[in-house]
Amino acid sequence: MVREGRSLSRRDADAPGVRTPYLPPEPLPDEDWLADDPLLRRLLAERLPARSWAALEPRLARLGRAAPREVDPLARLADASPPVLAGEGIAFHPAYARLQALARRHRVFTDAWHGGTRLSSLALGYLYSQAECGYFCPACMTDGAAVVLARRPGFEDVVARLVRDEPEGALEGAMFLTETTGGSDVGTTSTTAAPRGDGWALTGDKWFCSNANAGAILTLARMPGGEPGTRGLGLFLLEQPNPGLRFVRLKDKLGVRSMATGEGELRGAPARLVAGAGEGFKAMAEMVNLSRLYNAVASVAIARRALREGQKNGAWRVAFGRRLQDHPLYARAVAALAVDVKGALLVTLDAAHAHDRGDHALVRALTPPAKAVTARLAVRAASEACEMLGGNGYVQPWVTERLLRDAQVLPIWEGTTNVQALDFLRACRREGAVETLVRAATGLRDAWRAWAEQARAMDEASSLRLMTQAFHLRAATLLRDHDLLAAEAYALRHVARDEEAFERLAAREGAALAGWPSIGPREL
Ligand SMILES: Cc1cc2nc3c(=O)[nH]c(=O)nc-3n(C[C@H](O)[C@H](O)[C@H](O)COP(=O)(O)OP(=O)(O)OC[C@H]3O[C@@H](n4cnc5c(N)ncnc54)[C@H](O)[C@@H]3O)c2cc1C
């Protein structure tokens, strides 16, 4: 067991068993990702009804142990052998099928369909995606497709297969929106829909199609004689196998390499109408909004994993005669990251809880900032973790280089950061998001008042700054109910932006803020 704050003597460093001075690349044998996350446990125990928490806890505990032991090794294999086009289909490494099966069996995206809640489902997803971010994208789209289809009659058979908690007979979901004319500007969609028999036929090209092998794909197409822009778009269900859908190539991606992202050609592809002109885009937005929350969960998960790797390395690696965790600069970096991860986790899971309460106004106000700010945190955290591990952080088989590659997509897909800022601006101007956020705040009243004054005059240019501030205020406010020390540190870093005061706090309370793990080289 690692003891905190102790310098290594020469004898310690030479002790038997300390033959490799490096943190091993695989998760350590006793890692338990639920046990090492007291904030997650506390939040869930508080927010879920007692019976739901009692049912969820053993399943979370199982996944907390399975993620480092089973999911992580499979994720490494699937990342190293990405899918390829093979004849009419797509061939995957067998590890990918096992990742899919584990996700279903642990209900990482179906829990809300089997007696759970959005919060419980995303909490499971948070543990899973600390190990595998590639399949978490298909998981998210499968849940999202089910949500959209379940609200409309005629798709019951498809929904039942999407949300099965066993892999046998299950169906996967996808959403093909992006065309070469733009992923942000979806109103330029040029795929067309034409009636054929008692269904429809779609023709056009889709530029980014993740989970390309999915059986149930939602896609947008312009209705006959449809108006320009998003109003003329209908939403359709494409089912695979489909004689009119062909993938020209698979993207050669920086990260999330385990799952297939293709360029798709639709040539009179048979499809079923889900929502017609005027409604199609709105229906699609239901899925996109849920995906943004999933995106935030994946982002916090990557940041959490990055933090854990930095913590372990601090407890394990010795430089200049001391563990890294005993060096003030290293300790300060870990403390800062730990505080940021706590704030991000609270904002994200709190938004999930607002879903469960049916507080649509709060969900609307929180979704763009949660998506945008956590995604950039994931990239920063993964990058910092690479640096914390030194040279090993940049190379395989250490996980940090994969974390960085996987993280970089999070600010891009599901709407880039600027697109979130513009969406937040719309929510503030048209849907009262400023007042919603101020009303929901349980502390930091003066800071919220000052923010609201500026936010009421928000324009495009200031939207990103004010959205980011809203996120930080929300995080600092929520932390006050859970972890006073982290709340103080978070407010110093992101509300007052007083680095010097944070430094003093970190020097005094560094170990408590950083949460050094009880895992490490037992011999030390
Ligand atoms: C690995 C991967 C998988 C993907 N999978 C899917 C998928 O399954 N389905 C799908 O539909 N799409 C998918 N995408 C596409 C993704 O959603 C888009 O790439 C993304 O929405 C951005 O669209 P774009 O690439 O057309 O960039 P653009 O829309 O051209 O944006 C380029 C830049 O311009 C900025 N910008 C655009 N408009 C504005 C504005 N009004 N004000 C200020 N700045 C602006 C953006 O913020 C961005 O920085 C995937 C992308 C990747 C990388």
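**View 1. Helix α9, residues 328–357, in close-up.** In this predicted model, local features need pLDDT of at least 70, side-chain atom pairs count only at pLDDT 80 or more, and totals for chains, interfaces and linings use all residues. Residues are numbered from 1 along each chain as its sequence is written. Helices (H or I, at least four residues) and strands (E, at least two) are DSSP runs, numbered from the N terminus. From first C-alpha to last, the 30 residues of α9 reach 43 Å, close to the 44 Å expected at 1.5 Å a residue (1.5 Å times one less than the number of residues). Of these 30 residues, 25 are buried (20 or more other C-beta atoms within 10 Å of the residue's own, C-beta atoms being placed from the backbone). Just after the helix, look for G358, with a positive phi of about 75°.

View 2. Domain bounds come from an automatic or database domain assignment.

**View 3. The shell around the ligand.** You will find 22 residues surrounding the ligand, the closest being L177, G183, S184, F208 and S210 (a residue is near if its C-beta atom, placed from the backbone, lies within 6 Å). β3 (173–176), β5 (199–210) and α12 (417–431) are the elements giving two or more residues to this shell. Domain 2 and domain 3 (283–514) each provide at least three residues.

Key
Buried ≥ 20, exposed ≤ 12 C-beta atoms within 10 Å, placed from the backbone.
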